[in-house]
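Let's take a friendly walk through a protein model. Keep the sequence and the 3D view open as you read.

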Amino acid sequence: TCIFRHVTGCVARDFGIATQALSSATRRAPRVALARQVAMYLLHVDFALSFEAVGRMFGRDRTTVSHACRVIEDGRDDIWLDCRLAAL
């Protein structure tokens, strides 16, 4: 969808990685995994997409999206991450 392409494009640019890396079937480097979790979080929280819908976009299970959202939410205490999320 258009929202998916926009969010993944913005997140990939911010993290300095290829957009295709976010949809990769493998976990990849920690920076890529974090970027993917951020994109999942933004799609769920900011665009109100369900875990199932976000999971389908990334070729992942809804529980993976739920875990990603918990990880990012827990990380919002880190001012670096919180500012980055606000900017995105």
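## Who touches serine 24?

Contact here means that heavy atoms lie within 4.5 Å. The model you are looking at is predicted. Leaving aside neighbours within four places in sequence, serine 24 is in contact with Arg36 and Arg60.

Where does serine 24 lie? You will find serine 24 in the loop between helix H2 (19-22) and helix H3 (30-45). Serine 24 is buried because its relative accessible area, 13%, falls under the 20% cut-off.

## Rings in the model

How many aromatic pairs does the structure hold? There is one. Phenylalanine 4 and phenylalanine 58 form this pair, which is edge-to-face, with 5.1 Å from centre to centre and 75° between the planes. The pair links distant parts of the chain: phenylalanine 4 belongs to helix H1 (residues 2-15) and phenylalanine 58 to helix H4 (residues 51-58), 54 residues apart. Both phenylalanine 4 and phenylalanine 58 are buried.

Arginine 84 lies over the face of phenylalanine 15, at 4.0 Å from the ring centre.

## The cysteines

A disulfide needs two cysteine sulfur atoms within 2.5 Å. By this rule, the count of disulfides is zero. Cysteine 10, for instance, is in no disulfide, and the nearest cysteine sulfur, that of cysteine 2, is 11 Å away.

Key. Residues numbered from 1 in each chain as written. Predicted model: local features only at pLDDT ≥ 70, side-chain atom pairs only at ≥ 80, totals over all residues. Heavy atoms only, no water. Helix = DSSP H or I, 4+ residues; strand = E, 2+ residues; numbered from the N terminus. Buried < 20%, exposed > 50% of the residue type's maximum accessible area, 1.4 Å probe, protein only. Phe/Tyr/Trp six-rings, centres within 6.5 Å; stacked < 30°, edge-to-face > 60°. Lys NZ or Arg CZ within 6 Å of the ring centre and 35° of its normal.
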